Amino acid sequence: PHTGRLALYLLGLRATCPPPSPHRALVTWLKYYLEEDWTGSRRHGHPLTSYYQYGLGVLALCVHHKRVREEVIRRLLTAQRHGRLGHGGNAVDTEAVVALAFTCLEQRRLVGTELAAELRAAAHGASRSMAEAQGPDGIIGNIYSTPWALQVFLATGTCQTEPAFGQAMAALLENLEAFGTPATMSQVLPVLHGHSYLDIASMPCQEEPDTLTPLDMEPLAEVPGNKTVQLVVECPLPWCYDLRLYDRSVPVPAAASLLDVLQAAAALEPHEFKFHTQDTPQGPFLTQVLGLEARQEKRNYWQLLTAPSTPLQMGIADYRPQDGETLILRLSEW
């Protein structure tokens with residue numbers, strides 16, 4: 001099911017103040033996708049896509065003022081209570097999306113009084129856990145999950161009393177260059193203006209001026225020269241007996257991203273180095289390296305680090321390593 005993609009499209013469509021008729025069928029499709037998505041739970045215990053996409057679907061329906069069956073909402077409540085919402089920055093993203101969906105349903109009065117109280121408590125609990133997850137640099141999860149956490153603080157009204165809010169906002173302002181894709185920009189722009197996605201539901205569309213104009217983007221300047229990156233693949237127990245499976249120097253152009261480094265390594269040794277990615281709204285996500293696949297049901301993922309042990313705050317298409325840097329791909333458990 002294309003739950004997440006359709007949910008993001010409907011959120012964006014609502015923000016443009018369209019006439020009601022064009023998107024009615026799409027809202028119906030989203031309801032259908034949410035039901036289809038959950039059929040995966042009978043086999044895997046989680047949606048066919050992910051709790052992130054499932055939460056986005058509930059949020060998009062709420063923003064469009066559509067009721068959601070209580071069973072659908074309780075699936076998310078149960079997942080949150082049992083800690084099934086992911087790992088690292090992904091956990092912050094997912095918990096934030098789910099908290100925004102809960103807050104929307106409660107504030108729009110689309111659920112009964114008893115369930116509304118449960119949703120309010122769950123959203124405030126998520127807000128507290130995000131504050132506790134904040135690092136010394138002010139970032140919550142990673143730089144891309146930080147805007148999601150800030151949206152929760154804004155939506156739940158805890159932004160005025162939570163010290164983590166100001167620290168996270170300062171960290172965000174110092175790292176704005178990381179938000180270079182439409183998907184990441186759409187997450188950070190509302191926060192910079194003091195809003196969350198929940199505010200889309202109450203936009204005064206009659207007063208909204210038509211200010212959308214095309215923007216001519218300058219292509220990025222080519223950086224001359226080359227660089228060499230040390231690429232390491234690690235797979236600890238219980239998945240592998242040998243910790244270090246790959247350790248090679250990879251020459252690439254000076255402006256190359258981590259994705260370019262992976263592609264160069266595959267071109268240098270096509271029979272030895274292979275990898276796969278999955279397209280997401282935030283860019284390509286690394287799913288398989290050297291035939292080893294990270295799977296949600298196995299609770300593992302490919303962690304990206306710069307030596308010796310610093311997790312990367314950007315995706316593989318956005319991070320541009322320095323000359324001589326050692327990059328580690330480590331199969332890790334969450």
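Contact here means heavy atoms within 4.5 Å. This is a predicted model: local features need pLDDT of at least 70, side-chain atom pairs count only at pLDDT 80 or more, and totals for chains, interfaces and linings use all residues. Residues are numbered from 1 along each chain as its sequence is written, and side-chain values use heavy atoms, leaving out hydrogens and water. Helices (H or I, at least four residues) and strands (E, at least two) are DSSP runs, numbered from the N terminus.

**Nonpolar cores**

- A nonpolar core is a set of buried Ala, Val, Leu, Ile, Met, Phe, Trp, Tyr and Cys residues joined through side-chain atoms within 4.5 Å.
- Buried means under 20% relative accessible area, exposed over 50%, and partly exposed in between (1.4 Å probe, protein chains only).
- The largest core holds 75 residues, and Leu59, Leu105, Met130 and Phe153 have the most contacts inside it.
- A second, separate core has 28 residues, including Val233, Leu262, Tyr319 and Leu327.
- Beyond four places in sequence, Leu59 touches Leu11, Leu100, Ala101, Cys104, Tyr197 and Leu198.

**Helix α11**

- Leu258, Leu259, Val261, Leu262, Ala264 and Ala265 are buried in helix α11 (residues 258–268).
- These buried residues pack against β1 (226–234), β2 (244–253), β3 (275–280), β4 (283–289), β6 (300–306) and β8 (326–333).

**Disulfide**

- The whole structure contains 1 disulfide, defined as a pair of cysteine sulfur atoms within 2.5 Å.
- Cys62 and Cys104 form the link, with sulfur atoms 2.0 Å apart.
- The pair joins distant parts of the chain, 42 residues apart: Cys62 lies in helix α4 (residues 51–63) and Cys104 in helix α6 (residues 88–107).
- The link is left-handed, at -95° about the S-S bond.
- Both Cys62 and Cys104 are buried.

**Gln151**

- Gln151 sits in helix α8 (residues 146–156).
- Gln151 counts as buried because its relative accessible area is 0%.
- Leaving aside residues up to four places away in sequence, Gln151 touches Leu100, Gln187, Val191, His195, Ser196 and Tyr197.

**Surface patch**

- Leu173, Leu176, Met185, Leu189 and Leu192 form a nonpolar surface patch with about 400 Å² of accessible area together.
- Patches are made of residues with over 30% relative accessible area and no salt bridge; like charges are joined within 9 Å, nonpolar side chains (Val, Leu, Ile, Met, Phe, Trp, Tyr) within 5 Å.
- A salt bridge is a side-chain nitrogen of Lys or Arg within 4 Å of a carboxyl oxygen of Asp or Glu.
- Accessible areas come from the Shrake-Rupley method with a 1.4 Å probe; for residues, only the protein chains shown count as cover.
- Helix α10 (residues 182–192) gives the largest share of the patch, 3 residues.
- Leu189, in helix α10, is partly exposed because its relative accessibility is 44%.
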